[in-house]
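Colleague: I would like to learn how to read the features of a protein model, step by step. Could we look at one together?

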Amino acid sequence: MTSLLSVKQLNVPMVEWLLRQAQFYLDHEPETRITGHAVNLFFEPSTRTLLSFQIAAQRLGLTLLDFEVDQSSVKKGETLLDSLQTLDALGVRLAVIRHSDNWTQAIENAGLKMLVINAGSGVHEHPTQALLDALTIKQHFGRFAGLKVAIVGDVRHSRVARSNAKLLQMLGAEPLFSGPEVFKPQDLGEFSWVTFDDAVCEADVVMMLRVQRERHSSAYTVEDYNRHYGLNAERLNQLKPDAVILHPGPINRNVEITDEVLTDPRCRILQQVTNGVAMRMAVLQWCLREESGEQLVSA
Ligand code: CP
């Protein structure tokens, strides 16, 4: 059994297994079921990650508990660690956590029996998003080696960008970044930072990022941002014919991505959402694999 807190825990064979297993779950139901309780603890809003973990857990047979933060003892001052120790004592086998803090180190040192999956830790990591993005890229290109993946926009505040950079590099792709200088991070200096026009022309994959207004006050108006850093009809013409467009969602429609881009055949945003269920099934199975005693279908 293994928690999944960071893409740094993964290696290429593990990722290849997760990609195969997720692809299998797109067309098949699991042959055996996993018993026990899992819980979603989301301290930040979510649609895609929260619901896809719910569907994934149900399809695998897990009983998923909803931890409603606003109705819980968090409101009486209970800390995340105390909540997790309580859930551990209740016999919950696995927690899926999203929180605005960088909470993973504290959890690693807490001695919990329960497994933990990181569904978002501040601006730091979102490993299952990077995995489902990798699945979407693999489905189109069949490979990662030699692909240029431009990650564009509010990179500084993006846990998706950080998890993707590490995972794509491990898989042999070339991540590169672009966006307003104010969103240029200090911790991703090993990767190229290019102009948006160069990113659009060179990339095999263009991954647009949401401007995370809840984490900062952007100096840009919507019109300014879209003109300089938005993927729009004009820039679609510069994109390679065989490129794909990704966005982790939720989108700021007509800010970082315009209506016509969303209907372009190269846009894979809803395919990413569909892949999210299958990849989270694979991740849950990977985390619980020894406990379930289950044969890994594509091993
Ligand atoms: N991509 C992503 O994490 O979306 P949600 O915030 O809707 O879960």
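Colleague: At what angle do helix α2 (residues 48-60) and α11 pack, and how far apart are their axes?

Modeller: Two packed helices are described by the angle between their axes and the distance between the axes. Here α2 and α11 pack at an angle of about 55 degrees, with their axes 8 Å apart. Axes are lines fitted to C-alpha atoms, for helices over the stretch in contact, and angles run from 0 to 180 degrees between N-to-C directions. Helices (H or I, at least four residues) and strands (E, at least two) are DSSP runs, numbered from the N terminus. Please keep in mind that this is a predicted model, in which local features need pLDDT of at least 70 and side-chain atom pairs count only at pLDDT 80 or more, while totals for chains, interfaces and linings use all residues. Residues are numbered from 1 along each chain as its sequence is written, and side-chain values use heavy atoms, with hydrogens and water left out.

Colleague: What word describes how α2 lies to α11, and which residues make the contact?

Modeller: The angle makes α2 oblique to α11; angles under 35 degrees count as roughly parallel, over 145 as roughly antiparallel, 65 to 115 as roughly perpendicular and the rest as oblique. Contact means heavy atoms within 4.5 Å, and among the residues that make it are Phe-53, Ile-55 and Leu-60 of α2 together with Val-277, Met-281 and Leu-284 of α11. The residues of this contact of α2 with α11 divide into 9 nonpolar, 4 polar and 3 charged, where Ala, Val, Leu, Ile, Met, Phe, Trp, Tyr, Cys and Pro count as nonpolar, Asp, Glu, Lys and Arg as charged, and the others, Gly among them, as polar.

Colleague: How does helix α5 (residues 127-141) pack with α6, and how does α5 pack with α11?

Modeller: With helix α6 (residues 159-171), α5 forms an angle of about 50 degrees, the axes being 8 Å apart, and α5 and α6 are therefore oblique to each other. The contact includes Leu-131, Ala-134 and Ile-137 of α5 and Val-160, Leu-167 and Leu-171 of α6, and the residues of the contact of α5 with α6 divide into 9 nonpolar, 3 polar and 1 charged. With helix α11 (residues 269-287), α5 packs at an angle of about 115 degrees, again with the axes 8 Å apart. The contact of α5 with α11 has 5 nonpolar, 8 polar and 2 charged residues.

Colleague: Which strands form the open sheet of 4 strands, and in what order?

Modeller: The order is β2-β1-β3-β4, with parallel pairing; two strands pair if DSSP finds at least two bridges between them. At the edges stand β2 (63-67) and β4, each with a single partner strand, so one side of each is left without a neighbour in the sheet. Neighbouring strands of this sheet are turned by 15 degrees against each other on average, direction ignored. Strand β3 (residues 94-99) is joined to β4 by 5 bridges, and Leu-94 stands opposite Leu-115 in β4.

Colleague: What is the strand order in the open sheet of 5 strands?

Modeller: That sheet has the order β7-β6-β5-β8-β9, with parallel pairing, and its edge strands are β7 (192-193) and β9 (244-246), each of which pairs on one side only. Strand β5 (residues 148-152) and strand β8 (residues 205-208) pair in the parallel sense over 4 bridges, with Met-207 in β8 as the bridge partner of Ile-151.

Colleague: How many salt bridges does the structure hold?

Modeller: A salt bridge is a side-chain nitrogen of Lys or Arg within 4 Å of a carboxyl oxygen of Asp or Glu, and the structure holds 11 salt bridges. In one of them Lys-166 pairs with Glu-125, the closest N and O atoms being 3.2 Å apart. This pair links distant parts of the chain, 41 residues apart, with Lys-166 in helix α6 and Glu-125 in the loop between β4 (115-121) and α5.

Colleague: Where are Pro-250 and Asn-254 found?

Modeller: Most residues other than glycine have a negative phi, and most peptide bonds are trans. Pro-250 is in the loop between β9 and α10 (259-262), and the peptide bond from Gly-249 to Pro-250 is cis, with omega near -10 degrees. Asn-254 is in the loop between β9 and α10, and has a positive phi of about 70 degrees although it is not a glycine.
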